[in-house]
Amino acid sequence: MLLNFLIQETEMSLTLLILGAIIFICVLLNSASTKIGVPVLLAFILFGMLCGNISAIPVYLDNYTVAENVCTIALVFIMFYGGFGTRWRSARKVVTESALMASVGVILTALLAGLICRLIFRWGWLECFLLGSVVSSTDAASVFSILRGSKMALKNNTSSVLEVESGSNDPCSYLMTVLFLSLMKGEMAGWQAVMLIISQIAIGALGGYVIAFVGIRLMRRIHFLKEGFDSIMVVSIALTSYALPAVFGGNGFLSAYIVGMIMGNSVFPGKVKLTGFFDGVTSLMQLLIFFMLGLLARPEGLSKAFLPSLAIFAVMLFVVRPLATASVLTPFRKYPWRQQALISFAGLRGASSIVFAIVAVSGAPELHIDIFNMVFCIVLMSITLQG
């Protein structure tokens, strides 16, 4: 009995040692990631695969529900900071087109990708649209890493369009994912799907505004006795911004982004320090998601999914994303085709697609296609080639 206890203690200590090493590496590479760019995330995918597929390392994960919960929390912080770092002074110049890219563009991407998957592979309609929904959003953290890290001086507010679009399109992608999951389960009719969309957006937006209003007043009126408690308060606001609207059937990711954007453009004590704090937390959360992706990946599954994923990635890069971008931006008549091509090409897939793939796998009644491994390959190609 004592021997079993000692063995369990040793395994726990080794697991904590690996966890500490992961966090240490995240902190160590935080400054390097801004110089290297998105491909630094590849190291954490490979590290996760190493830990998850070598028996000598006691870190094995095959529970998608646990992974979904952890990754959802991580994505909440990414969404919150995506809004927190959005400067309204720059964003308001492109708010209309960015909002359309984040909504209409995402819907067009999901439907076009699903339709082409159906035509090429003859998979089930709902599964094709579910896959399209999962990869329909662009990754905010990856786009921010490239634009802010490399200090690109893009003309005609291109950086603002990319940042606002990538920071705000995850809620629509999540909504599409939930919608097709519900249809696969047979939980709703057509009118119920419409009501789901309306309630998700309305409750999420209203909840985000109310939580931001209350949060700002709390930050202004509470006198924190010890340094650091203001950061803890904002962490609680960020978590509440997702959880409270979600309890009432709203879109928690939309709420988190709205709360972050309103608070990031408001004035309250300690805000400058909070920006640095959440920058570090967001980097850690992003790397955590990619590490967990590696833990869940299995080489045998990736080898089978590689060729279909390569075809889907190519179609999305050269057909789907350009069509969706042109459909939204061409009517404004101020975005030449070269600028549209750049905006289209900058549509990286990343952390959010990973989280939504885990949501799809854990929530779907039965899948005949390997959505998780295909999304793994698509994200890998995206951050390697596009990034």
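Buried here means under 20% relative accessible area, while exposed means over 50% and partly exposed lies in between, using a 1.4 Å probe and protein chains only.

A quick word on what we're looking at. This is a predicted model, where local features need pLDDT of at least 70 and side-chain atom pairs count only at pLDDT 80 or more, though totals for chains, interfaces and linings use all residues. Residues are numbered from 1 along each chain as its sequence is written, and side-chain values use heavy atoms, with hydrogens and water left out.

Back to our residue. Where does Asn251 sit? Find the loop between helix 12 (229-247) and helix 13 (252-264). The helices are DSSP runs of H or I with at least four residues, numbered from the N terminus. Not counting residues up to four places away in sequence, Asn251 touches Pro171, Tyr174, Leu175, Gln200 and Gly204; contact means heavy atoms within 4.5 Å. The Asn251 side chain also reaches the backbone nitrogen of Phe253, at 3.2 Å.

Now on to Gly105, which you'll find in helix 6 (residues 95-121). With 5% relative accessibility, Gly105 counts as buried. Leaving aside neighbours within four places in sequence, the contacts of Gly105 are Leu100, Ala324 and Val328.

Next, the rings. How many aromatic pairs does the structure hold? There are 14. Rings of Phe, Tyr and Trp (its six-membered ring) pair if their centres lie within 6.5 Å; planes under 30 degrees apart are stacked, over 60 edge-to-face, and the rest tilted. Take Trp125 and Phe129: their ring centres are 5.8 Å apart and their planes are at 25°, so this pair is stacked. Both lie in helix 7 (residues 125-134), 4 residues apart, about one turn of the helix. Trp125, at 42% relative accessibility, counts as partly exposed, whereas Phe129, at 15%, counts as buried.

Then look at Tyr174 and Phe253, whose ring centres are 4.9 Å apart with planes at 80°, so that pair is edge-to-face. Tyr174 lies in helix 10 (residues 170-185) and Phe253 in helix 13, so the pair ties together parts that are 79 residues apart in sequence. Both Tyr174 and Phe253 are buried.

One last thing to find: ring pairs link Phe77, Phe80, Tyr81, Phe84, Phe277 and Phe278 into a cluster.

Conventions: Helices (H or I, at least four residues) and strands (E, at least two) are DSSP runs, numbered from the N terminus. A polar contact is a pair of N or O atoms within 3.5 Å; within protein, one must be able to donate a hydrogen and the other to accept it, and residues adjacent in sequence count only if both atoms are side-chain atoms.
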